[in-house]
Amino acid sequence: MGMPVVAPPGWSLEARTARDTQGFVVSPFAHLPVAVALFLDAGKARRGWLRAVRQAAPATRADGQQQGRSAAIAFTATGLAALGLGEAELRGFERPFWEGMHHPDRRRRLGDLPGDGGATTLVEGGPRWSGNPKGADPTPLTVHALLVLYAADAADLDAWRVEVESVLDAQSVSAACELPLSLRFDRHGVAREHFGFADGLSQPIPYGDAVRRKDSGPQPDPWHGVPLGDFLFGHPNSHNEPSPGPAVEEKSAAGDATGFFDLGRNGSYLVVRELHQDVAAFWRSMEAAAAALGDPTKDGRWVAERAVGREMDGDLLLPGGKTLPRVPYAPHGPDNAFGFRATDRHGFGCPVGSHVRRSNPRDGLAPDDESAPDLLKSANNHRLLRRGRKFGDDFPADGQDDGKTRGLLFMALNTDITRQFEFVQQTWILNRAFATLQGETDPLCGPAGPFTVPDDPLRWRFGVETFIRFAGGEYFFLPGMAALDWLEARP
Ligand code: HEM
C-alpha cells in the first residue's frame, strides 16, 4: 500500500484556538484508518455519565492529533436537553438544530418526505434513528450523542471499544446503534467509497486570523478559501461577522445572572446522514444506461464517471475525454485547483448535472466570464467540511451481490445549516431546474430519473435508477473543549 492519497489538510489552527477545538475539525484522522461510530442513547443515564465517557474516550484536541487513538463527540438537541439545557438555552442554537432533521419542514427541504416526487429515497420502513425523543415521529431509535473512536488497527480499536462499552454500561448509556467505519485504502493508497470512486478529495481551505496555513499556498486559497467562521463558531464567516453560536446565561450560586458563557466558541454543527449504497444496483443501472446509448466506446464506467463527475481515481474530466495532467498517485492526489468556466463551460467534460458539479458548482454557474469570480465566491458560501467515512464490508471483488448492508456515513461540519448543508442538498443536489437542466436531479443522490451528459453536437440523455437510501440522521453540535467542560460540569 502506498501513502494514503487523503491529502493531509494544508492548514491548522493557531495554538489558542487549537487547544479549544476538537481535532475532528482539522483532521480526517487518515493515519487512523479504522473507526466506530457509537450512537448513544443516554435517556436513562446516570448523572455524570459525560465525565465518565470523556475519561474513557477523551475527545482529541486539534493540537494533539498525532496519537494512536482519537475520538470525537457531538450531541443532538435531545441529548443537550438530557444534559440539563433548558428550552431557552436550546433556542440559542440555529432553528434546524433544535427542530431536528426529521421535523416536517426540514424533511421537506431535504427531500426526505416519503412519496415526494423530488425526494431522496428512504430505506424500507423509514429511517431508523434520529435525535427525536422516544415515541416521537418518525424513528424508533433515539440518539443523544455521537461518539466516534478512531484507531490505527482493528485489534486496538476492539480493545478500546470494550473499555468504552464497559464504562457506558456502568453509566446506563446504551448504543442505540453503531457503525464500523473505515477508509480501507486500495493498493495505490486511495480511499474509495463503495461504488469504487476516490473520495474525500475536494475540501474547503479555511482562512482567517486563527488559521495557520501549512503549505506556501496563497491565503486565502483562490478556489477553496472559505472563512474559518463557516466551520467554527465565533470566527468571521462568509458574511464577515463572527458566526453566531449558542450562548448560555451564567448564574451565581444564588441564582443571579452573572453573564454569558459562549457555548458555541470553537464548536460547529455536525450533519450526519447514514446513506445505504446498493453497489449491484448502481453498476446495473450504469451498464443499462450505457447499453441504451448504443455507442461501443461508452461503457458502464463511462456513464458512472459522468454521474459522479470525476474519473474513478479522482481526476477531473475535461472536454474531449481528457483529464487534468498529473503524476499518478501523487502525494496530494488529484488536482483540485480548478473552476469550470474557463475550461468546461458547457459541461462537455464534467457534466453540469454530475454529483460533484451539483454539490459544488464552483464558478460554473456564471453566465459570462466577467461574473465568474463573483459566482465562485457565492458558491463558496455553501461549502461543507466533509468528514464522512464508509461503513460495511467492501463489495465482493467477483461482482456477486452478497446482499450485505454498506454505505457512507456522511458527516459534514458547518456553522449555518440552512445556508450550507440544507442549501447544497435542496438548491443544488435535488433541484429539478439546476443550471440549464430540467426535470432531473443528482444522478447519485436523487430519485430514479433522467440524467443529461452534454456533448457536442448532441447531448446524451438516459435514465438512472435509485441506489442510495437514507437510513437515519441528525444535526449534532460538536462542542469546543471549554464547552465540553461546561457541559460536563453542568449540575
Ligand atoms: C452515498 C452517497 C454519496 C457518495 C457515494 C458520494 C460520493 C462522492 C464522490 C466520489 C465525490 C468526489 C470526490 C471528492 O471530491 O471527494 C464527492 C464529492 C462531494 N460530495 Fe458526495 N457523495 C455522496 C453523498 C453526498 C451528499 C449527501 C452530499 C451533500 C449534501 C455530498 C456532497 C459532496 C461535496 C460537497 C463534494 C465535493 C465537491 C467538490 O468540491 O468538488 N455528497 N462525493
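A: **A helix pair and its surroundings**

The side chains of E305 and R301 form a salt bridge, with N and O 2.9 Å apart. A salt bridge here needs a side-chain nitrogen of Lys or Arg within 4 Å of a carboxyl oxygen of Asp or Glu. Side chains of opposite charge can pair when their charged atoms come close.

This is a predicted model, where local features need pLDDT of at least 70, side-chain atom pairs count only at pLDDT 80 or more, and totals for chains, interfaces and linings use all residues. Residues are numbered from 1 along each chain as its sequence is written, and side-chain values use heavy atoms, with hydrogens and water left out.

Both partners sit in helix α10, residues 300–308. Helices are DSSP runs of H or I with at least four residues, strands are runs of E with at least two, and both are numbered from the N terminus. E305 and R301 are four residues apart, about one turn of the helix. An α-helix has 3.6 residues a turn, so residues three or four places apart point the same way.

Are the two partners buried or exposed? E305 counts as buried because its relative accessibility is 8%. R301 counts as partly exposed because its value is 38%. The cut-offs are under 20% relative accessible area for buried, over 50% for exposed, and partly exposed in between (1.4 Å probe, protein chains only).

Now take the helix as a whole. α10 is mostly covered, with eight of its nine residues buried. Among them are W302, V303 and V308. What do the buried residues pack against? They meet α9 (279–293), β15 (317–318), α12 (355–359), β20 and β21. Contact means heavy atoms within 4.5 Å. Just after α10, G309 takes a positive phi of about 100°.

The side chains of E440 and R461 meet in a salt bridge, 3.4 Å from N to O. This pair links distant parts of the chain. E440 lies in the loop between α14 (418–429) and β20 (449–453), while R461 lies in strand β21 (residues 460–464), 21 residues apart. E440 is buried because its relative accessible area is 1%. R461 is partly exposed because its value is 39%.

α14 also deserves a stop. E422 is in this helix. E422 is buried because its relative accessible area is 1%. Its side chain makes a polar contact of 2.7 Å with the side chain of Y475. A polar contact is a pair of N or O atoms within 3.5 Å; within protein, one must be able to donate a hydrogen and the other to accept it, and residues adjacent in sequence count only if both atoms are side-chain atoms. Leaving aside neighbours within four places in sequence, E422 also touches others, including P96, R106, R109 and L110.

More salt bridges follow. D416 and R419 meet at 3.4 Å, N to O. R419 is buried because its relative accessibility is 10%. R51, R54, D485 and E488 are linked in a network of salt bridges. By the rule, the count comes to 35 salt bridges.

Step back to the domains. The chain is divided into domain 1 (11–266 + 481–489) and domain 2 (272–472). These bounds come from an automatic or database domain assignment. The C-alpha centres of the two domains lie 25 Å apart. How many residues are in contact across the boundary? 72 residues of domain 1 touch 71 residues of domain 2.

The two domains bury about 6,100 Å² between them, 57% of it on carbon and sulfur atoms. Buried area is the accessible area (1.4 Å probe) that two parts lose on being put together, summed over both. H194, F195 and W223 supply 16% of the area that domain 1 buries against domain 2, more than any other three residues.

Seven salt bridges cross between the domains. R386 forms a salt bridge with D199, its closest N and O atoms 3.5 Å apart. The rule also finds 39 residue pairs in polar contact across the interface. On the side of domain 1 that touches domain 2, several elements each supply at least two residues, including β2 (34–41), α7 (104–110) and β8 (174–182). The residues of that side divide into 40 nonpolar, 21 polar and eleven charged.

Terms used: Ala, Val, Leu, Ile, Met, Phe, Trp, Tyr, Cys and Pro count as nonpolar, Asp, Glu, Lys and Arg as charged, and the others, Gly among them, as polar.
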